[in-house]
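Me: I would like to learn how to read the features of a structure one at a time, with the general idea before the particular case. Could we work through it together, with the model in view?

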Amino acid sequence: MITRCAVDPSGTPAPTAIAAALAQPGDADVRALQRARAFAEPLLSGETLDTGEPVLAHADAVADILARIGGTPDLQASVYLVYACPFLARPREVIAKAFGDALADVAIETNKLIQLQRQARRVAPAEAGAARGATSALDAAQTENVRKMLLAFSRDLRVVLLRLASRLQTLRYHAAVKRVPARALAAESLQVFAPLANRLGIWQLKWELEDLAFRFLEPDTYKHIARLLDEKRVERETHVEHVRQRLERELAALGLHAQVQGRPKHIYSIVKKMRGKSLAFDQVYDLRALRVIVETVEECYRVLAWVHAHFSPVPEEFDDYIAKPKPNGYQSLHTVVCDEQGRAFEIQIRTRAMHEHAEHGVAAHWAYKEAGTKGYAGVTAGSSYDAKIAVLRQLLAWQRDLSGLAHGLFDDSIYVLTPQAAIIELPKGATPVDFAYAVHTDLGHRCRGARVDGQMVPLNTPLANGQTVEIIAAKEGGPSRDWLNPEAGYLVSHRAKSKVRAWFNAQAAADHMARGREQVERLLQREGKTAIKLEELALELGYETPDAMFEAVGKEALSLRAIEQCLHREPAPPPQDEVVVKKARSAPQGQAGGVLVVGVGAVMTTLARCCKPAPPDEIRGYVTRGKGVSVHRADCPDFAALARRHSGRVIDVAWSGVAPAGPHAPVYAVDVGVQALDRQGLLRDISEAFAREKINVIGVQTQSVKGVAWMTFTVEVSDATRVSKVMAVLTDVPGVQKVWRR
């Protein structure tokens with residue numbers, strides 16, 4: 001049944017509980033309520049809302065709704081202050097002076113939320129398709145964000161209660177004057193306000209919000225179901241009451257102290273069940289429904305046995321959620337039985353503890369009614385959002401210290417709006433740049449300025465709940481490297497940071513590719529090979545495309561010498577046993593720090609300049625023509641290219657042994673690459689890092705491209721492990737982004 005407040009012919013609600021409260025002198029809270037109404041009355045008289053309802057009458061009705069659900073006079077008083085805000089020049093100062101900071105905060109927050117939700121409804125399409133089972137005019141993700149925003153803006157639960165009561169009164173007013181509200185308002189009521197009331201456990205508001213909103217969204221379906229209900233209402237209610245009394249009497253005779261309740265079925269609930277299970281109206285068994293609450297689990301099964309013994313059970317409609325609870329922890333016995341006349345009705349049997357758990361605990365009614373084993377819009381019943389809702393439910397039940405306990409529950413996120421009133425969820429502390437990337441990656445790249453609530457602000461300004469953000473973007477361009485500087489405070493969200501890094505990585509790849517293309521083209525012109533097919537050349541060198549080859553050359557991962565050798569194909573090498581290797585001229589076999597050619601006597605060896613190996617690097621040998629064995633690192637790209645073309649020239653090599661200590665210990669030249677944000681003193685800081693590690697630098701090459709320094713340091717080390725240590729030290733130098741061994 002839908003509860004409606006009494007109205008006079010003009011549609012103005014008649015005073016009920018509010019009048020009674022105002023007539024009771026003495027209590028301080030009641031006096032505050034009296035003063036609040038007297039304060040607001042001259043401001044609100046003659047004013048109307050955008051729905052056409054008189055503002056003062058709306059406030060009276062909202063206060064009455066809050067009184068009926070147990071709201072304190074202090075909460076009722078805040079209603080009048082909320083609607084007085086737009087008519088005051090400095091509302092917070094005036095209200096705080098007259099009623100205190102607490103009520104002023106509630107009034108300001110609620111009034112701000114009213115304006116924001118009015119904006120958010122504008123994003124909904126004017127006409128939403130009445131799809132079966134979903135009358136939403138809002139996108140599902142947008143709907144969930146509206147729900148979260150409703151809580152995030154609330155410093156305490158009173159703001160939420162005020163908005164719920166106000167929305168219910170708005171729907172009641174439209175029903176009373178027989179005027180259909182805007183479709184977006186009705187859809188928001190059904191998909192945002194009613195589920196929120198359900199989550200908070202305010203069942204009487206939840207059912208009425210659902211039925212009224214559904215009545216406006218699908219009037220034909222609503223009238224059809226209402227007509228079917230009215231046809232047998234008296235007979236159905238008489239039957240339920242007769243069975244209820246019989247159950248109480250018979251169970252008491254068995255010595256069971258049981259509480260038996262009738263469960264009314266609301267129109268929207270009936271329609272959801274019919275659509276969800278593809279049932280006809282006559283197949284909805286729980287139009288007649290009873291709930292039996294006992295003390296113990298044993299008594300639950302005793303009641304079930306009695307019910308099945310005295311009525312005819314419908315086997316396929318029995319569920320034992322005590323033996324096998326639902327995933328969310330819900331427990332109860334559900335059975336459908338028929339009486340002697342064949343009339344079916346549902347009976348739920350549970351203990352008092354199960355009932356309290358289902359009504360107020362983690363496995364609350366909404367968790368299984370709205371989404372089965374999952375919460376709304378994919379939010380699982382065990383998520384942090386649900387935990388916050390559970391806390392709010394307890395706050396409502398306790399009715400104490402609402403603002404202090406509710407504050408901070410949603411401090412991990414903020415909700416801001418686009419100029420078109422779409423809601424964007426961001427991490428706390430997010431900036432306009434984070435906002436731009438959340439809207440669209442390209443908008444983030446082109447972001448150059450921002451207006452927040454109409455005022456120009458710096459791009460590193462932290463945003464707050466409820467602000468409207470407008471991005472000023474260039475027609476083209478990219479992000480600034482300063483945005484990646486954590487001290488500058490431009491970016492907070494991980495998504496935005498990754499998008500900026502990806503853009504600069506792509507730019508670096510493009511620069512490498514352009515530089516590599518230029519070098520390769522010059523080589524081909526010098527060698528007279530401009531007619532060669534680049535695709536074939538790339539494949540022969542081990543790259544899928546010419547662009548990949550160009551990028552490798554630009555990054556110095558592939559040397560021009562390797563390409564030159566590929567262009568001048570050498571004849572097939574003689575068999576392995578015919579290769580003549582000269583005797584080593586510089587280091588006899590077995591000399592510490594030298595190279596041993598496995599299975600061959602002392603030979604001349606040369607450390608390849610392309611990869612500059614040093615012990616204990618894994619190494620491989622390549623037999624050159626007339627220059628002995630060229631020793632490469634096993635992961636050298638040039639060696640890989642040579643090995644593919646002339647596999648017969650590849651031989652095994654190994655380091656000869658432990659190098660001697662002291663001034664005669666051999667040293668090896670190794671190249672270390674550094675990528676860093678270019679700045680004054682960068683080269684000095686890196687050189688000092690080498691000096692602290694007692695690493696001798698024998699060569700430096702540096703180039704700055706678009707604010708990024710690309711450096712190559714040639715250093716002397718006794719073994720490659722020293723390189724790893726110094727690379728770790730270099731990463732701590734301010735501005736250094738990447739360090740690698742070339």
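Me: Is K694 buried or exposed, and in which loop does K694 lie?

Reply: In this predicted model, K694 is exposed, with a relative accessible area of 73%, and its place is the loop between helix 26 (682-692) and strand 19 (696-705).

Me: What should I look for in the backbone at such a position?

Reply: Most residues other than glycine have a negative phi. K694, although not a glycine, has a positive phi of about 60°. K178 is also not a glycine and has a positive phi of about 55°; K178 sits in the loop between helix 8 (157-176) and helix 9, and it counts as exposed because its relative accessibility, 74%, is over the 50% cut-off.

Me: Why is the pair of F214 and Y268 called tilted?

Reply: The ring centres of F214 and Y268 are 5.4 Å apart and their planes stand at 55°, so the pair is tilted. This pair, too, links distant parts of the chain, with F214 in helix 10 (residues 203-217) and Y268 in helix 13 (residues 267-277), 54 residues apart. Both F214 and Y268 are buried. Elsewhere, W306, F311 and F345 form one aromatic cluster.

Me: Which rings have a charged end sitting over them?

Reply: Among them are the ring of W207, where the charged end of K206 sits 3.7 Å from the centre, and the ring of W740, where the charged end of K738 sits 5.1 Å from the centre.

Me: How should I describe two packed helices, taking helix 21 and helix 24 as the case?

Reply: Two packed helices are described by the angle between their axes and the distance between the axes. Helix 21 (residues 494-527) and helix 24 (residues 560-567) pack at an angle of about 40°, with their axes 11 Å apart, and their crossing is right-handed. On the side of helix 21 the contact involves Q519, V520, L523, L524 and E527, which meet L560, I563, E564 and L567 in helix 24. These residues divide into six nonpolar, one polar and two charged.

Me: Which residues of helix 19 are buried, and how does the protein look as a whole?

Reply: Helix 19 (residues 432-439) is mostly covered, with six of its eight residues buried, namely P432, V433, D434, F435, A436 and Y437. The protein has 27 helices and 21 strands, and 48% of its 742 residues count as buried. Of the contacts with a separation of 6 or more, 67% come from residues 24 or more positions apart.

Methods: Residues are numbered from 1 along each chain as its sequence is written. This is a predicted model: local features need pLDDT of at least 70, side-chain atom pairs count only at pLDDT 80 or more; totals for chains, interfaces and linings use all residues. Side-chain values use heavy atoms; hydrogens and water are left out. Rings of Phe, Tyr and Trp (its six-membered ring) pair if their centres lie within 6.5 Å; planes under 30 degrees apart count as stacked, over 60 as edge-to-face and the rest as tilted. Helices (H or I, at least four residues) and strands (E, at least two) are DSSP runs, numbered from the N terminus. Buried means under 20% relative accessible area, exposed over 50%, partly exposed in between (1.4 Å probe, protein chains only). A charge sits over a ring if NZ of Lys or CZ of Arg is within 6 Å of the ring centre and within 35 degrees of the ring normal. Axes are lines fitted to C-alpha atoms, for helices over the stretch in contact, and angles run from 0 to 180 degrees between N-to-C directions. A crossing is left-handed if the near helix is turned anticlockwise from the far one by less than a right angle, and right-handed if clockwise. Contact means heavy atoms within 4.5 Å. Ala, Val, Leu, Ile, Met, Phe, Trp, Tyr, Cys and Pro count as nonpolar, Asp, Glu, Lys and Arg as charged, and the others, Gly among them, as polar.
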